Every structure is written in structure tokens, then in C-alpha cells.
Amino acid sequence: MEHVIDRVLLDETALQAKVQELGERITRDYEGKDLLVVGILKGSLLFMADLLRAIRIPLEIDFMALSSYGSGASTSGEVRILKDLDQSIENRHVLVVEDVIDTGLTLNYLMDNLKSRGAASVKVCTILDKPERRRVAMTVDYNGFTIPDEFVVGYGLDYAQQYRHLPFVAVLKREVYGG
Ligand code: XMP
Ligand code: MG
């Protein structure tokens, strides 16, 4: 992988330590509540699997897949649901798990959509946040790392569907993008 990676931004040790910390906070905050953890496919897959193992209270899981209209790396704000939840979330405490919050448009749409279904609460947990690129104000309830405005891959994040399996978060070399 050395030939495509410019530099590692977050190594496996840093990611795993942060995930444990987030899991402990979530455990405390949701104690005694009916918790449904919703992973957003495909980017959240690795984070979701690690985070779930760090949460020490009963919970259920579900997944959604979303697609934004328009081109690959950025979003237009118009979101299409490719895979919806399997169940009603009425009166349930929903925790959405994301890979990265960038413009915030995808999540803004999703939060409104989930709240309109009568959930008791809807919060978000992301492993990465790029606040410099935000286009809508939003509260990030649980954030792993604030990162600069650079395109990153690994730990679930892809470039052209590649590199999701890397156990670290890295910046790709410029030539990989054809730039
Ligand atoms: P918003 O709506 O917050 O969308 O702009 C967030 C989605 O954009 C993708 N995204 C990235 N994917 N590396 C990636 O692999 C990145 O650096 C990156 N920044 C944004 C991602 O799909 C995320 O869910
Ligand atoms: Mg995504």
C-alpha cells in the first residue's frame, strides 16, 4: 500500500483507543434506554463493528444505505434511501453511526427523516469530522477525530470503492486521484 499512501493520519492504535472512549461514553449515556444503533453503509462498517464491541449495554442494530444525487466525492444534499431500516423506530433511542461528516448535508437529511418517524431521540456518532467543509449547522453528539479538509481513505472510507479495509486512516497520494 506504500505506493499509494501519502501519509497515515490516524493509526490503528489511535483509532482503537478513541473507539473505546466513545463506547464508554455511549454506555453511560444510554444506560437503561432502548438503544438502536444504525450503521450507514458502507463507510461505517469497520467503525460500527469496533464500536459495538465497546458498548456494554443491551442494544439492537440495523443498517441504512444512502446515496446522494450527483458525483462521487461531494454531495448535493438530495439524498436517496437505497436500503431502509427493517423496523419502526417509534419511541426508540436511535444512534446513527457514520464514517465522516463533511458538508453535513447527508446527515442533516437523515436526522430529519428519522425524527419524523417518531423516535424518542436521534443522535449521531462519527469517527471523523471535517468541520471546515460544513454547509449546514449540525450538532455532532459523538465525534472521534476532527480532521483537516483532505480526502481520506481506510477504516471504512473508500476511493472508488478501494481501501475500505485498511485498519488506519490515510491520505492518498495525489497521483492516485489522477490529479
Ligand atoms: P456529507 O453530506 O457530510 O457527506 O458531505 C458525507 C459523505 O461524503 C463522503 N466523504 C468521504 N469519503 N473520504 C471518503 O472516502 C473522505 O475524505 C470523504 N469526505 C466525505 C462519505 O461517503 C460521507 O459519508
Ligand atoms: Mg458515507
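**Aromatic pairs and overall fold**

Phe47 has a relative accessible area of 0% and is therefore buried. This value, like the others reported here, was computed from a predicted model. The residue belongs to helix 2, which covers residues 45-54. A search of the whole structure for aromatic pairs returned two. In one of them, the ring centres of Phe47 and Tyr155 are 6.4 Å apart and the ring planes meet at 50 degrees, so this pair is classed as tilted. Tyr155 has a relative accessibility of 2% and counts as buried because the limit for burial is 20%.

Phe151 and Tyr159 form an aromatic pair of the edge-to-face kind. Their centres are separated by 6.3 Å, and the angle between the planes is 80 degrees. Phe151 has a relative accessibility of 30% and is classed as partly exposed. Tyr159, at 25%, is also partly exposed.

The charged end of Lys18 is located over the ring of Phe145, at 5.1 Å from the ring centre. Lys33 is found over the face of Tyr30, with a distance of 5.9 Å to the centre of that ring.

The protein chain contains three helices and nine strands. Read from the N terminus, their order is β-α-β-α-β-β-β-α-β-β-β-β. The radius of gyration is 16 Å, close to the 16 Å given by the globule rule for 179 residues, so the chain is as compact as a globular protein of that length. The C-alpha trace spans about 50 × 35 × 25 Å along its principal axes. Of the 179 residues, 46% are buried. When contacts between residues at least 6 apart in sequence are considered, 66% of them join residues at least 24 apart.

Three of the strands form an open sheet in the order 1-9-8, with antiparallel pairing. Strand 1 (5-10) and strand 8 are at the edges and have a single partner strand each, so one side of each has no neighbour in the sheet. In general, strands of a sheet are paired through backbone hydrogen bonds and may run parallel or antiparallel. Strands 8 and 9 run antiparallel and are joined by two bridges. Across from Val152 stands Val171, a residue of strand 9.

A further residue was examined in strand 3, which comprises residues 60-68 and includes Ser67. Ser67 has a relative accessibility of 17%, and it is counted as buried because this value is under 20%. When neighbours within four places in sequence are left aside, the contacts of Ser67 are with Glu78, Val79, Arg80 and Leu82.

Conventions. Residues are numbered from 1 along each chain as its sequence is written. Chains are lettered from A and ligands numbered from 1 in the order in which they are written. This is a predicted model: local features need pLDDT of at least 70, side-chain atom pairs count only at pLDDT 80 or more; totals for chains, interfaces and linings use all residues. Side-chain values use heavy atoms; hydrogens and water are left out. Rings of Phe, Tyr and Trp (its six-membered ring) pair if their centres lie within 6.5 Å; planes under 30 degrees apart count as stacked, over 60 as edge-to-face and the rest as tilted. Helices (H or I, at least four residues) and strands (E, at least two) are DSSP runs, numbered from the N terminus. Buried means under 20% relative accessible area, exposed over 50%, partly exposed in between (1.4 Å probe, protein chains only). A charge sits over a ring if NZ of Lys or CZ of Arg is within 6 Å of the ring centre and within 35 degrees of the ring normal. The radius of gyration is taken over C-alpha atoms; the globule rule is 2.2 Å times the number of residues to the power 0.38. Contact means heavy atoms within 4.5 Å. Two strands pair if DSSP finds at least two bridges between them.
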